[in-house]
Amino acid sequence: MAGGGFGDGGAPLKRAHLYEYRITSYFVTACIVAALGGSLFGYDLGVSGGVTSMDDFLKEFFPKVYRRKQLHLKETDYCKYDNQILTLFTSSLYFAGLVSTFAASYVTRNRGRRASILVGSISFFLGGVINAAAVNIEMLIIGRIFLGVGIGFGNQAVPLYLSEMAPAKIRGAVNQLFQLTTCLGILIANFINYGTDKIHPWGWRLSLGLATVPATLMFIGGLFLPETPNSLVEQGKMEEGRAVLEKIRGTKKVDAEFDDLIDASNEARAIKHPFKNLLKRKNRPQLVIGALGIPAFQQLTGMNSILFYAPVMFQSLGFGSDAALYSSTITSGALVVATFISMLLVDKFGRRAFFLEAGAEMICCLIAVAVTLALKFGQGEELPKGIGIFLVIVICIFVLAYGRSWGPLGWLVPSELFPLETRSAGQSMVVCVNMLFTALIAQCFLAALCHLRYGIFLLFAGLIVIMSSFIFFLLPETKQVPIEEVYLLWENHWFWKIIVGKEGANGVNGNVKGDGRRNQNV
C-alpha cells in the first residue's frame, strides 16, 4: 500500500488487546455535552454568510455594498459583494481564534480540557452580546474577536476531549460528534437567518445575538463534565484518573489502559517545552501531517468558502434573497446527513478510504461547477432556473463528499496522532493553522470570485488533487489504534520510518519492552 498503513488496522499494538470497555450512559452523556463546543463554530459559520447578505445589515454598516447589490439583484455579478471590510467582519473571528489557541494550549495542558471548554463558552457568549448590540463596525469587529477567542478555546479542547474519552474501536464515531454539532449549528443558523431576514429592521441583531444560546448550553454542561483520565493522570491525579476511567469504560478491568496512560504521562512530564518538542525529528510525522498538512488542506478544499458565503454566492449567481438563503439551508442539511454517514462507517472502512474516495468526488463536482459557470454565465445575465437547480445539486454532492471526509476527519485524525507529551501543543498548532487558512480564505474568497470568476473552483479542484496525493502517500491508517500507541505506526511506515529513525524508536516515545511498557529515555 502506498500509504504505508497496516491493511485493516493491523498495527503492531502492544497492550491494546487487553483493553476492556462497554458503552455507559455516563460516557455517552459526557461526550454529547462536550461536543456542544462544535455548535459554537457551526452557528457562526452558518450565521455569518446569512447576515452579510441581509439588506438591513448592509444598509446600516455597508451602504456601498447594498447599493451595488440592488443594481444587480437578479443578475449574475461575481463582484457584487467584493468588499474587504465586509469580509473582515467574517475573517476577524478566525484571526482572533488563531492567536487565542496558544493561550488555550496552556490552559488545556495545565488546567485540563474542561477548563478550556468553560473559558471558550464565556468568551463566545460575550461576543454574541456585543455583536447583537453593535452600532458601528468597530463594535462588530470587537464582538467577532470575542467570538474568535471562544472558538479558539473550544476547537482546541473539544476534539482532544472526545478522542481521549473514547475507546479505540469507536473513537472515529465519537470524535465526529464535534463535526455533527458543528453541522447542526450551521443548519440551525440557516433556518434562523431565513426567519430573521423577514424581521425589519433588526432581524440581523437577533441572528447574531442567538449565538449566546449554544454558549450558555456549553457553559452549563461544562460545569458538570468529568475531566478526561488522560488529563487527570497528566496533572498527577492518579486515583481520580483511574476512577473516571473505570466509570467511562464501565468496568474495573482497566489496568492495561491505565498503565499506558501512566507511561504516557511520565513521558509528558519530562517535556518542559512541548512546542519545541514538536520540532524534533521523532515528531516530524505529527508536525507535517497533523499540525500543518491536514488543517491547512481542510480549508483549501473550498468548503468553508461555500459555508461562509453560500447565501452571498447564490445571490451573486442570480438567486433572489429568499432563494439564496433557502439554497444554503439545503446545502447545510446535506452536511448533517454526510456527518451521520461518516460516523456510522469511518471506524469500519477507515480514514484513508474516506479521504481518497470523497476527494475524487469533490474534484468532479468543482470541475462541473466551473464548466457550467464558464459556459452559461456572464456579467448582467439572469440565471436560468434549470442551471440554478443543477448548481445546487452539484454543490450538495460536493458537500456530502466533504461532510464525510475532510470535514470530520480534518479534526479527528490530528487529534489521534499526537503523543500525550505534545498533545495540547499539537492541537493548538492544528487550530492555529486551521484558523489562519480559514481567515485567509474568508478574507480572499469574494475578491477571488470577483477576479477569477469560475476559475476559483478549478483552483480548489487542483488543490484537492494535491491533498489527496498527500493522504495517499503519507498518512497511515489509524482506525481502531489506541491513541497512546499511534506512535508505532510511524516506525513501520514506508516513508516515516526513514525520518523518525532511531530517535523515534529510542527517544521520548521510548523502547517497547516485552510487556508493552516504554522506557522513559529523554
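C396 is buried (under 20% relative accessible area, with exposed over 50% and partly exposed in between, for a 1.4 Å probe and protein chains only), because its relative accessibility is 13%. This is a predicted model, in which local features need pLDDT of at least 70, side-chain atom pairs count only at pLDDT 80 or more, and totals for chains, interfaces and linings use all residues. Residues are numbered from 1 along each chain as its sequence is written, and side-chain values use heavy atoms, with hydrogens and water left out.

C396 belongs to helix 20, residues 385–403; helices are DSSP runs (H or I, at least four residues) numbered from the N terminus. Apart from neighbours within four places in sequence, C396 is in contact with I330, T331 and A334, where contact means heavy atoms within 4.5 Å. Between C396 and L335, 61 residues apart in sequence, the C-alpha to C-alpha distance is 8.1 Å.

| Cysteine | Relative accessibility | Class |
|---|---|---|
| C31 | 2% | buried |
| C365 | 9% | buried |
| C396 | 13% | buried |

The structure holds zero disulfides, a disulfide being a pair of cysteine sulfur atoms within 2.5 Å. For C365, the nearest cysteine sulfur is that of C364, 6.9 Å away.

Elsewhere, helix 6 (residues 113–132) meets helix 11 (residues 212–223), their axes coming within 8 Å and crossing at roughly 155 degrees. Helix 6 is therefore roughly antiparallel to helix 11, a class for angles over 145 degrees. The residues of this contact comprise ten nonpolar, five polar and one charged.

How values were computed: Axes fitted to C-alpha atoms, helices over the stretch in contact; angles between N-to-C directions. Helix = DSSP H or I, 4+ residues; strand = E, 2+ residues; numbered from the N terminus. Parallel < 35°, antiparallel > 145°, perpendicular 65-115°, else oblique. Nonpolar A, V, L, I, M, F, W, Y, C, P; charged D, E, K, R; others polar.
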